[in-house]
Amino acid sequence: MTTVYLARHGESDWNVERRWQGHADRPLTDRGREQARLLAERLADVKLEAVYASDLRRAWETAEAVAAPRGLEVVKLHELREVDVGSWSGYTRDECAERFPEAFARWQEGGSGWDDGESYEEMGRRIVAVIRTIAAEHPDGAVLVVSHGGPIRAVHAQALGVDIATHRRTGPVEPNARLSAVAVENGRIRVSGDA
């Protein structure tokens, strides 16, 4: 069994402004860097074989705070990126509600609001596949994956056996730098109490 620790990146400048980020490559704020430092502290006694991160700056900068003191390199993977929100990138929720009212209502119901970019289902397939691949490379070990709110929720949905739309409607939003974990055995992702 592999323990996969999941952490959302620290606070970015667009988190502060409550802007959709998607694949936009936004930097951490000072608070985000402090959140990354505290994440490293929290994991200090956990033996990690590897540290993986989305190739977006806010994620790999967070991951480096954990990896560097251990002498580990952060493995940056495109597959760990946030859902691609397409034309919504850079807008606030209020701006999207005003510009795209029907699409925004669809998003509030658990679907993808944007008509371009990537659906939550596509993102879910992408993230679940890469989590399984990472786990297979570290059988009986523990790894850290620093990603984004959408992908982490998709992994938790898989572990709970529910679809992404249901989990989005009923599960909490991932706070910045929140740590959770899943167990992966023979490709099966399930809830873990390790985090």
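Biologist: What is the lining of the largest pocket, by class?
Modeller: The lining has seven nonpolar, ten polar and ten charged residues, where Ala, Val, Leu, Ile, Met, Phe, Trp, Tyr, Cys and Pro count as nonpolar, Asp, Glu, Lys and Arg as charged, and the others, Gly among them, as polar. The model is predicted: local features need pLDDT of at least 70 and side-chain atom pairs 80 or more, while totals for chains, interfaces and linings use all residues. Residues are numbered from 1 along each chain as its sequence is written, and side-chain values use heavy atoms, without hydrogens and water.

Biologist: Which residues lie nearest the centre of the largest pocket?
Modeller: Of the 27 lining residues, these are Arg8, Trp20, Arg93, Trp107 and Val173. Lining residues have an atom within 4 Å of a pocket point; the grid is 1 Å, the probe 1.4 Å, and a pocket is an open set with protein on both sides within 12 Å along at least five of seven lines.

Biologist: Why is α6 called roughly perpendicular to α7?
Modeller: The axes, lines fitted to C-alpha atoms over the stretch in contact with angles from 0 to 180 degrees between N-to-C directions, cross at roughly 75 degrees and come within 9 Å. Angles under 35 degrees are roughly parallel, over 145 roughly antiparallel, 65 to 115 roughly perpendicular and the rest oblique, so α6 is roughly perpendicular to α7.

Biologist: What makes tryptophan 20 and tryptophan 114 an edge-to-face pair?
Modeller: Their centres are 5.5 Å apart, with 75 degrees between the planes. Ring centres must lie within 6.5 Å; planes under 30 degrees apart are stacked, over 60 edge-to-face and the rest tilted, so this pair is edge-to-face.

Notes. Helices (H or I, at least four residues) and strands (E, at least two) are DSSP runs, numbered from the N terminus. Rings of Phe, Tyr and Trp (its six-membered ring) pair if their centres lie within 6.5 Å; planes under 30 degrees apart count as stacked, over 60 as edge-to-face and the rest as tilted.
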